[in-house]
Amino acid sequence: MKVLSIRQPWAALIIAGHKDIENRTWETRLRGTFAVHASQKIDPGGIEFAREHGIEIPPLVCGAVIGTVDLVDCVTHSESPWFFGPVGFVLRNPQPCRPIRLDGRLGFFEADLAIVPQARIEPPEPLLEF
């Protein structure tokens, strides 16, 4: 399965169904489902942005796959409040899963994952709450 590492809280906001655009500096031809990996790094600007828009930050898991989402388009302009550009991956159908510990990488990468909501996988530490 394709995987993309995304900083927190952006990854959690995607899986929670709030964020419908993932901003990048590069385009992709990839379409379809990919796994969302919550990276080890946290973007304080993301926490501030969510709070300014009245969105409660869920507990943040870092260093793990936290769900899947469908990439349906790649755009250079969008009316979504989540679009900052220059390129946006348009996302739909987020599906959370129990966190699966995984090291992240740059760009899309392959990982052998069995992502099922019923997976009995303990969440990695730490769980960060804001």
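The chat below takes the fold, then the aromatic pairs, then the salt bridges.

Tutor: Ground rules come before that. This is a predicted model, where local features need pLDDT of at least 70, side-chain atom pairs count only at pLDDT 80 or more, and totals for chains, interfaces and linings use all residues. Residues are numbered from 1 along each chain as its sequence is written, and side-chain values use heavy atoms, with hydrogens and water left out.

Student: Fine. How many helices and strands are in the protein chain?

Tutor: The protein chain has two helices and eight strands, in the order β-α-β-β-α-β-β-β-β-β along the sequence. Both are DSSP runs, numbered from the N terminus: helices are H or I with at least four residues, strands are E with at least two.

Student: What share of the residues is buried?

Tutor: Of the 130 residues in the protein chain, 48% are buried. Buried means under 20% relative accessible area, exposed over 50%, and partly exposed in between, with a 1.4 Å probe and protein chains only.

Student: And what part of the contacts comes from residues 24 or more positions apart?

Tutor: Such residues account for 78% of the contacts with a separation of 6 or more. A contact means heavy atoms within 4.5 Å.

Student: Aromatics next. What is the count of aromatic pairs?

Tutor: Nine aromatic pairs. Rings of Phe, Tyr and Trp (its six-membered ring) pair if their centres lie within 6.5 Å; planes under 30 degrees apart count as stacked, over 60 as edge-to-face, and the rest as tilted. One of the pairs is Trp10 with Phe49, which is tilted, at 6.0 Å centre to centre and 50° between the planes.

Student: Where do Trp10 and Phe49 sit?

Tutor: Trp10 is in helix α1 (residues 10–15) and Phe49 in helix α2 (residues 44–52), so the pair links parts of the chain that are 39 residues apart. Both Trp10 and Phe49 are buried.

Student: What about Trp26 and Phe108?

Tutor: Trp26 and Phe108 form an edge-to-face pair, with 5.9 Å between centres and 85° between the planes. Trp26 is in the loop between β2 (21–24) and β3 (32–42), Phe108 is in strand β7 (residues 108–110), and 82 residues separate them.

Student: Is Trp26 buried or partly exposed?

Tutor: Trp26 counts as partly exposed because its relative accessibility is 29%.

Student: Switching to charges. How many salt bridges are there?

Tutor: The count is four salt bridges, each a side-chain nitrogen of Lys or Arg within 4 Å of a carboxyl oxygen of Asp or Glu. Among them, Glu110 and Lys2 meet at 3.3 Å, N to O. Glu110 lies in strand β7 and Lys2 in strand β1 (residues 2–8), so this bridge ties together parts that are 108 residues apart in sequence.

Student: Why are Glu110 and Lys2 put in the class they are in?

Tutor: Glu110 is partly exposed because its relative accessible area is 47%, and Lys2 is partly exposed because its relative accessible area is 30%.

Student: Which residue does Arg24 bridge to?

Tutor: Arg24 forms a salt bridge with Glu22, with the closest N and O atoms 3.0 Å apart. Arg24 is buried at 16% relative accessible area, and Glu22 is buried at 6%.

Student: And Asp73?

Tutor: Asp73 forms a salt bridge with Arg31, at 3.7 Å between the closest N and O atoms. Asp73 is in strand β5 (residues 64–75) and Arg31 in the loop between β2 and β3, 42 residues apart. Salt bridges that share partners also join Lys19, Glu22 and Arg24 into one network.
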